[in-house]
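Have the coordinates open while reading.

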2 protein chains.
Amino acid sequence: MALSDLPADDLARLESRLAAEYDTLADKGLALDLTRGKPSPEQLDLSEGLLSLPGEGDHLAGKTDVRNYGGGAGLPELRSIIAELLGVETGRVIAQDNASLSIMYDLLVFSVLFGTPDSQRPWKDEPALRWLCPVPGYDRHFSITQALGIEMIPVPLGPTGPDMDEVERLVAADPSIKGIWCVPIFANPTGAVYDDHTVSRLARMATAAPDFRVVWDNAYVVHTLTEDFPKVPDVDALAAEAGHPNRFWQVCSTSKITFAGAGVSFLSSSSANLDWYLGHTSVRTIGPNKVNQLAHARFFGDAEGVRAHMLRHREVIAPKFEAATAALTRRLGEYDVARWTRPEGGYFIDLEVVDGTATETVRLAKEVGVALTPAGSAYPYGQDPDDRHIRLAPTLPPLAEVETAMDVVGLCALLAACRAALAG
Amino acid sequence: MALSDLPADDLARLESRLAAEYDTLADKGLALDLTRGKPSPEQLDLSEGLLSLPGEGDHLAGKTDVRNYGGGAGLPELRSIIAELLGVETGRVIAQDNASLSIMYDLLVFSVLFGTPDSQRPWKDEPALRWLCPVPGYDRHFSITQALGIEMIPVPLGPTGPDMDEVERLVAADPSIKGIWCVPIFANPTGAVYDDHTVSRLARMATAAPDFRVVWDNAYVVHTLTEDFPKVPDVDALAAEAGHPNRFWQVCSTSKITFAGAGVSFLSSSSANLDWYLGHTSVRTIGPNKVNQLAHARFFGDAEGVRAHMLRHREVIAPKFEAATAALTRRLGEYDVARWTRPEGGYFIDLEVVDGTATETVRLAKEVGVALTPAGSAYPYGQDPDDRHIRLAPTLPPLAEVETAMDVVGLCALLAACRAALAG
């Protein structure tokens, strides 16, 4: 029976029973962590061979000695693999160090300091800077815009993308809105996949700012939890057709394909955008780590090798997602007090609890040893206006711990819901 | 006999003889490159073992799984080795990706966008920004300040450091002067080594800007061409004693120790500076490539391992420097028309030709297939006011090619000198 339909006495009894069960948890000394989207050691083991690659004697990529300086755009051997996965020409993808986060940071920093190829002036000289943030979204995106003093405007994210009526209305009216954060495939944290219509509208829409940019963070482009891989739209082609050839900055990385702590990152965009980025980057570095790029090219072999590798990840983590949603269903299903996503890829589950109880749920869980991302972290400035969303990351702990932790989360969410109902 | 003492007839005969010899070079189809300070393949081979490191099964550094996210300051295992070489505590060194150039770029970008811990405002909000550039100096340093719109002021660099009277006078008077580029050991391109008195004055001097910074680019800290390693001053201790604890940003990297194209970079500074840098960097990245850091730690073993490795580099490149100076001496010695440095470390020789003939010397060399760095490249905005300095980089070509190329350089410099004397 839905919690809202329970008679007051039943509600009080339920609270009492849950509170008693919760109290027993404190004695169990749990120390479980669902905070960050980190791969598990078992996933990292899938790439253990990389630690010996490229291997002694293997330091040439074509005529390029990967041990020496140069080659700012990265190795074609690896770029071609990623280009195939993104469905674009090799020349339209460059390979850089670290992770896509650092590319995104630099893209925005270069725009602030120098302006984009379509800018009338450096963004720092604009009277105001604003940015659209589909919510819930990725906290590290929001940290970049916040650090750069760019005012963030939340727009609702649905299962097929942001509220495009709202996006189109805002960008058409306000030239200070310079861009939007997007995770188009298996979005962090809801798992949303942008549909064709949304992608087309983002490519076509009229913007008051001539230098409006879509940061197209394809962090989970091959990170399926099913047996199928998502279709990857050629956003540059769509944008170019619509007369906005430089609209998209697409990024991805190997962070959650091989080693999260030692990845290669990629930028795919128009020639003008790539030239602009490489021009500024050439002042910062003589070139990226080509040894790591060659190692990755050798490890993958080809695009099919990447896909086969991702299916091995799936074998490890899909059961964790299943266990997580099963635990939530067991605890919460009958009471109609929460919703959660059942993503077909990516790294997260978005749990929506009773309005005003997300912070309390996270607190309750923490008290008994289950660490969750702070409520609100999927919102700009950490402010979820409804105090409703909790981002759950089930990949890192072992399966049994995921089950335990998710059961605790469900219990805490239900307990908080009961107390809110009793107080209301 | 000095060229200036030659009778006019002898001078004309010399020019004529050199011109004839020069003309024969065109037919030889030379293609030699002394432009950049790149290690040779033979040097890179010294680190070939790195290509298989850390190796399968070796992914833990203490309790840290280097394959996963985190650890923004880098691995203590590698930091401790570099800290010993710099003569500081491990906690005062952090390890980052790529090369020290990227750290320097980010340090200046963070200062421009956000200000340093000692700044009253972000540097972008200052009415003017100026920077001292000891000359001749490193072109990539100058590219950073130029890109950021910081006006560069050249100050003469002598064999023991910059003209400190001039430096002290300038920084005391002008609060818009925010810093100075320094390569204190085996400077690029002269090989100068700052003496204790210079270092002490840089640490102690009064600056009108409260947030003045010395970029202490110790790129060649262990890059000896002799059997001895240079003494490394603890600049932070000197500066702290003088009441300027945050004055120095010291950087170095493994670029010319292991692989120039796949290095680890290091920043050593005060706690306040490191915290400030890491705070901003944490928005840009979740952490550096720890796999590469562990590989380097395994490869070196300890600080003594680095020194032993550098002596193997020396065996390869010291003969090239000797051959280079011998060739210059043969060609130019008797005429007193040029001077060149005989560095005890680093990667370059600075050749000073007759005033007004550097550009012509480079042109003549290029015409017969010997590529040199453009004259003026060791000066801000590429402008050597005397058109006198040519940076020579003898490490990359094989020994025989270095001898040939340097002989051509000497011939071209002498030919240009003759023609200048005849024209004068």
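## Cores and cavities

In this predicted model, Leu202(B) touches Met164(B), Val167(B), Ile180(B) and Cys182(B), along with Tyr194(B), Trp216(B), Arg247(B) and Phe248(B), leaving aside residues up to four places away in sequence.

Leu202(B) also stands out in the largest nonpolar core. That core has 103 residues, and Leu3(B), Leu202(B) and Leu392(B) touch the most other members. Helix 13 (residues 399-423) of chain B gives the most to this core, with 13 residues. Domain 1 (3-43 + 307-423) and domain 2 (66-301) of chain B both contribute residues, so the core lies between them. A second, separate core has 102 residues, including Leu14(A), Trp340(A), Val409(A) and Ala416(A).

Now the voids. The structure holds 14 cavities of 30 Å³ or more.

| Cavity | Volume | Lining | Classes in lining |
|---|---|---|---|
| Largest | about 290 Å³ | 24 residues | six nonpolar, 12 polar, six charged |

Which residues lie nearest the centre of the largest cavity? They are Asp97(A), Asn98(A), Arg284(A), Asp97(B) and Arg284(B). Strand 4 (93-97), helix 4 (100-114) and helix 9 (271-284) of chain A each supply at least two lining residues, as do strand 4 (93-97), helix 4 (100-114) and helix 9 (271-284) of chain B.

Helix 10 (290-300) of chain A and helix 10 (290-300) of chain B are the elements that give two or more residues to its lining.

Conventions: Residues are numbered from 1 along each chain as its sequence is written. Chains are lettered from A and ligands numbered from 1 in the order in which they are written. This is a predicted model: local features need pLDDT of at least 70, side-chain atom pairs count only at pLDDT 80 or more; totals for chains, interfaces and linings use all residues. Side-chain values use heavy atoms; hydrogens and water are left out. A nonpolar core is a set of buried Ala, Val, Leu, Ile, Met, Phe, Trp, Tyr and Cys residues joined through side-chain atoms within 4.5 Å. Buried means under 20% relative accessible area, exposed over 50%, partly exposed in between (1.4 Å probe, protein chains only). Helices (H or I, at least four residues) and strands (E, at least two) are DSSP runs, numbered from the N terminus. Domain bounds come from an automatic or database domain assignment. Contact means heavy atoms within 4.5 Å. On a 1 Å grid over the protein atoms alone, a cavity is a set of points where a 1.4 Å probe fits but cannot get out, and a pocket is an open set with protein on both sides within 12 Å along at least five of seven lines; lining residues have an atom within 4 Å of a point. Grid points are joined across faces, edges and corners, and a volume is the space filled by probe spheres set on the points. Ala, Val, Leu, Ile, Met, Phe, Trp, Tyr, Cys and Pro count as nonpolar, Asp, Glu, Lys and Arg as charged, and the others, Gly among them, as polar.
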